[in-house]
Structures are given as C-alpha cells and as structure tokens.
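Work through each task before reading its solution.

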Amino acid sequence: MELILFLLFAAIAVACGISLVVQKHPIASALSLIGVMGSLAVLYLLLGAEFIAAVQMIVYAGAIMVLFVFVIMLLNAGAESPIGKSWPSRLLGIPLLTIFLALIAYLVQYYAPSLGVVRFGAVSTGASEIGRSLFTKYLLPFEVTSILVLIAILGAIVLARKEID
Amino acid sequence: MPPLNSVPLSWYLILSAILFSLGVAGFLFRRNIITVFMSIELMLNAVNLSFVAFSHQLRQVDGQIFTFFVMVVAAAEAAVGLAIILTVFKNRNTLTIDEVSSLKN
C-alpha cells in the first residue's frame, strides 16, 4: 500500500515538475509547482513528518504560491516566445536527460545500499518534538530567522513601494 | 521489487535528485524571470525531501528543523525576489531575463 502511494505521488511530482519546465505560460508553471508541493506533502506524511507536511501545504502551497500567482496576474505575464533550437538539442536532449537521471539513480543505489526502508507509522514526528528541539537546541538560529524575516519584510516594502514626491 | 508495505529510502533520494535536476533544467532553459524563480523553489523543495528522508533514516528531528528553516528562507526569498521582479518590470517593462543585461556592459 505504501509502495503504491509512494509511486503514485512520486509520478505526480515528476510529471508536474516536467510540466513546470515545459509549459510556456507562467501561470501553468505555477499550477504545476503547486502539484509538486502537494504531492511532496503526501510523501512527507509517508515519512512520518506530520508537522512538515502541514507547513508545506500552508506556507509553500498556500502563502508562497499565492504570492507567485498574484505577481503573475499583476504583471499580466504572457506566454514565452519560443526559443530557436538547433537540431542536436532537439534530437539529443531527452535521451541525454534520461541517461543522466538513470546515472543519478544508479549512483544513489551504488553508494547508499545500506539505507533502510520506510514504513508508514514506524516514525512519527509531531509538532511537540519539533517545538522542543526548536526552542532548546536551535534557539539561536530560530531567533536569527526572525530577524531575517523582518529584513525581508522591510526589503519587500522598500522595493515595491511607490515613489512619493 | 520490495514488499508492498515498505519503500526503500534510496527511492526518496532518487526522486529528490530527479526533482532537483528538473529545477536546474528550468533555471537554465527558461527565460521568463518568474518561471526561473519557480524553478529555484522546485530545487529547494527537492532538497527538503532529502532532509526529511534522512531525518527518517537517522531517527532524528534535526533534518525536519532544517527543512523548516529552508521554508522560512524560501518565504523571505519569495517576498524580496518578487518585489525585485516588480521593480524590474516597472523600470524596463519586460520579464525576459535576456533583456535585463545592464550589468553585462
């Protein structure tokens, strides 16, 4: 059952990733990216990372992608003009990509043969354990992150404001 | 073929590598600045999957903490980056990255 779920959502993630790269229109790419993020959230649940799965849906697929779609709508971004491709790139692109990905898969299997298996429910990390670790061991990075977010807010406001004379 | 109730961890890593490669391809081949930015988000997501997979393997919560930090940095990056895109569009009226090349000259 877990294997079927993994294969299903991995296939959705890869298909949406390919669609992100191939689509001409940015709004189609954004919808594909939301598909990738949603299927990755399911994979996080299979890995027992419940809190990360929830945050993935809320922060990534919710907040960040809404920001992207908003900017695409605001700028009225149209389709890309097609790029002129030479015949070797048309002919060799997809076979070379397949060979490259197969090589990556082989290398992962070769160098990490002793990795374990993932069983659903074997490990489950809720918000309490993450919170305990975040506020004890990783307290300083957490506080630095708050300053980072503050700077990002200020930067976004400064960059996107209207000049008032 | 593994049994139906378990998934080898290396498959998660391979999926992560595939998604990362797709992100790199999008970053290199696309010319719309927003799509390039979304490819970067795809790469960050692929790395997050690796972090969570190793967190499961090592039975430690640290990998998920790092994923959490990556998400926060991605949110901050999206806010600032999209503001920069807005400013570029206001000044140059284009979203094609090839036409934004004033640092080159």
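**Exercise 1.** Determine how H1(B) and H2(B) pack against each other.

Solution. Start with the geometry, bearing in mind that this is a predicted model. The axes of H1(B) and H2(B) are 8 Å apart and form an angle of about 165°. Angles over 145 degrees count as roughly antiparallel, so H1(B) and H2(B) are roughly antiparallel to each other. Next comes the handedness: H1(B) passes H2(B) in a left-handed crossing. Last, sort the residues of this contact by class: 17 are nonpolar, eight are polar and none is charged.

**Exercise 2.** Describe the packing of H4(A) and H1(B) across the two chains.

Solution. H4(A) covers residues 87–111 of chain A. Its axis lies 9 Å from that of H1(B), at an angle of about 150°. This angle also falls over the cut-off of 145 degrees, and H4(A) and H1(B) are therefore roughly antiparallel to each other. H4(A) passes H1(B) in a right-handed crossing.

Now list the residues that meet. H4(A) brings A:Phe100, A:Leu101, A:Ile104, A:Ala105, A:Val108 and A:Gln109. H1(B) brings B:Ser10, B:Leu13, B:Ile14, B:Ala17, B:Ile18 and B:Ser21. By class, the contact of H4(A) with H1(B) has nine nonpolar residues, three polar ones and no charged ones.

**Exercise 3.** Work out which elements build the side of chain B that touches chain A.

Solution. Begin with the totals: 66 residues of chain A and 58 residues of chain B take part in the contact. On the chain B side, the elements giving two or more residues are strand E1 (7–8) and the helices H1 (9–29), H2 (33–58) and H3 (62–92). H3(B) gives the most, with 21 residues. The chain B side divides into 41 nonpolar, 14 polar and three charged residues.

**Exercise 4.** Find how E1(B) is joined to chain A.

Solution. The partner is strand E1 of chain A, residues 117–118. Two bridges link this strand to E1(B), and the two strands run antiparallel. One bridge pair can be named: A:Val118 has B:Val7 as its partner in E1(B).

**Exercise 5.** Where in chain B is confidence lowest, and where is it highest?

Solution. Take the chain as a whole to begin with: chain B has a mean pLDDT of 87, and 97% of its residues reach 70 or more. Then go by element: the lowest mean in chain B, 82, belongs to E1(B), and the highest, 91, to H2(B). For the model, ipTM is 0.89 and pTM is 0.89.

Technical notes. Residues numbered from 1 in each chain as written. Chains lettered and ligands numbered in written order. Predicted model: local features only at pLDDT ≥ 70, side-chain atom pairs only at ≥ 80, totals over all residues. Contact = placed C-beta atoms within 7 Å. Helix = DSSP H or I, 4+ residues; strand = E, 2+ residues; numbered from the N terminus. Nonpolar A, V, L, I, M, F, W, Y, C, P; charged D, E, K, R; others polar. Pairing = 2+ DSSP bridges. Axes fitted to C-alpha atoms, helices over the stretch in contact; angles between N-to-C directions. Parallel < 35°, antiparallel > 145°, perpendicular 65-115°, else oblique. Left-handed = near helix turned anticlockwise from the far one by under 90°. pLDDT = per-residue confidence, 0-100.
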